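Dear colleague,

Please find below the structure that I am handing over to you. My findings follow it, with the criteria stated where each term is used.

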Amino acid sequence: MLKLRSQYLGLALITVVAGGLGCASKSRQVSGSQVAGAANIDVKAFGQAPDGKQVRLYSLRNANGLTADIMTYGAIVVSLRTPDRKGQMADIVLGYDNLQEYIKISPYFGAIVGRYGNRIAKGKFTLDGAEYTLATNNNANHLHGGIKGFDKVVWDDKPVQRPDAVGVRLSYLSKDGEEGYPGNLKATVTYLLTNKNELRIEYEATTDKATPVNLTHHGYFNLTGGQRDILGHVLALNADRFTPVDEGLIPTGELKAVKDTPMDFTKATAIGARIANEHQQLKFGGGYDHNWVLNKGGKEMTVAARVSEPTTGRIMEIRTVEPGIQFYSGNFLDGTITGKGGRVYPHRWGFCLETQHYPDSPNKPNFPSTILRPGEKYETTTIYRFSAK
Ligand code: GLA
């Protein structure tokens, strides 16, 4: 594998067609006919990170022509192209055209966030009797892993080929003490673009000291392909409850029924239908920026969310084994970011659906635990499935 990797480093552009992945496929010999003809992986150099590390961009293409570009900086999904009801392909995620812009400023566009997705109050928690202090980067709180979270590091990479999917396996060693967290955490995220038109994300981690872990994907979706804001998208969440927050967006610890509130997405509803409601939770979030408690969440792979976009017919269905999902309606987008193709991203131009454990779990004993201990394995999967009607 190392040999293959050093070849990648030396060349500007390498196209690796599925069925011919050399070392990567040695242990899994898959013939070209098992992988439908068009599925392939391209790898190319994508610039240099501030620490001098080379960044690579993986372009995945499945048998049906869906594509995903994923870079090793931040494990970021740079683009994701899916068809509308007429078969027209468009890029349905927000981001930038080049690495330098991601480095300059990014509201976590398409990244893997970690070691802990969302907030830990005051950046403090107590574990096995010891108090830990994390980097604070969101007023007095710790958000999305701190100042230099998993979204800002270069991950090690390896192409992945499965009978029905192409992908990339990204690994990162988060050192003991990084951003204040205890333990050396070995994290691996495998992105797979399957021939069932899914972006499948498999997360794994192990540690040598007990630590909180809560990894998630922070893609900003716009199923119109960037033609208008996301308020007309119709969302259903498989959740009867959510975790209300205080003004600082820290959960109060309650699990509250969504019934008769604008937080109720048990029936498919346009994102914009009630977003301007005077409900206190919407005021705190400046719109939706909350965690929902998934029915059956944390127990089995379950449909967490379904989004449909009436003008293009695109549908995205999310399945996960996580207990929660953060729905963020792009409230901090304010037209100051110019993204891909010179497109300005106005208010609510993208939305995020981040499968996760609940925010601030290390300080909320009644929430499902996020603590990983030595000898245990953190393993979780989320699947985004794309179709059109
Ligand atoms: C999460 C947070 C939001 C915001 C966005 C990105 O969804 O809850 O408050 O930080 O990420 O800006």
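With a relative accessibility of 1%, Ile70 counts as buried; here buried means under 20% relative accessible area, exposed over 50%, and partly exposed in between, with a 1.4 Å probe and protein chains only. This is a predicted model, in which local features need pLDDT of at least 70 and side-chain atom pairs count only at pLDDT 80 or more, while totals for chains, interfaces and linings use all residues. Residues are numbered from 1 along each chain as its sequence is written, and side-chain values use heavy atoms, with hydrogens and water left out.

Ile70 belongs to strand β4 (residues 67–71). Helices (H or I, at least four residues) and strands (E, at least two) are DSSP runs numbered from the N terminus. Beyond its neighbours within four places in sequence, Ile70 has contacts that include Arg56, Leu57, Tyr58, Leu60, Val168, Leu170 and Tyr191, a contact being heavy atoms within 4.5 Å. Ile76, Val77 and Val78 are also among the residues that Ile70 contacts. From Ile70 to Phe109 there are 39 residues in sequence and 12 Å in space, C-alpha to C-alpha.

**Overall form**

The protein has four helices and 28 strands. Its radius of gyration is 20 Å, close to the 21 Å given by the globule rule for 389 residues, so the protein is as compact as a globular protein of that length. The radius is taken over C-alpha atoms, and the rule is 2.2 Å times the number of residues to the power 0.38. Along the principal axes, the C-alpha atoms fill a box of roughly 55 × 50 × 40 Å.

Of the 389 residues, 57% are buried. Where contacting residues are at least 6 apart in sequence, 66% of the contacts join residues at least 24 apart. The accessible surface is about 15,400 Å², with 50% belonging to carbon and sulfur atoms; these areas come from the Shrake-Rupley method with a 1.4 Å probe, and for residues only the protein chains shown count as cover.

The 46 positive and 38 negative charges have mean positions 5 Å apart. Lys and Arg count as positive and Asp and Glu as negative, without His and the chain ends; each charge is placed at NZ of Lys, CZ of Arg, CG of Asp or CD of Glu.

**Sheets and hairpin**

Nine strands make up an open sheet with antiparallel pairing, in the order β12-β13-β14-β15-β28-β24-β23-β18-β21. β12 (156–162) and β21 (269–270) are at the edges with a single partner strand each, so one side of each has no neighbour in the sheet. Two strands are taken to pair if DSSP finds at least two bridges between them. Within this sheet, β23 (residues 302–308) and β24 (residues 314–320) run antiparallel and are joined by six bridges; Ala305 has Ile318 in β24 as its bridge partner.

A further open sheet, also with antiparallel pairing, has five strands in the order β20-β19-β22-β25-β26. Its edges are β20 (256–257) and β26 (352–356), each with a single partner strand, so one side of each is left without a neighbour in the sheet. Strand β19 (residues 241–243) is joined to β20 by two bridges in the antiparallel sense, and Phe242 is partnered with Lys256 in β20.

Strands β9 (residues 124–127) and β10 (residues 130–133) pair antiparallel over four bridges, with Thr133 in β10 as the bridge partner of Lys124. These two strands form a hairpin with two residues between them, and Asp128 in the turn has a positive phi of about 50°.

**Backbone geometry in the loops**

Most residues other than glycine have a negative phi, and most peptide bonds are trans.

- The peptide bond from Gly114 to Arg115 is cis, with omega near 5°; Arg115 is in the loop between β7 (111–113) and β8 (119–120).
- Lys122, in the loop between β8 and β9, has a positive phi near 55° and is exposed, at 56% relative accessible area.
- Glu179, in the loop between β13 (165–174) and β14 (185–194), has a positive phi of about 55° and is buried, at 18%.

Gly145 lies in the loop between β11 (142–143) and β12 and is buried, with a relative accessible area of 2%. Not counting residues up to four places away in sequence, Gly145 touches Gly114, Arg115, Tyr116, Glu179 and Tyr181. The C-alpha atoms of Gly145 and Asp208 are 18 Å apart, with 63 residues along the chain between the two positions.

Yours sincerely
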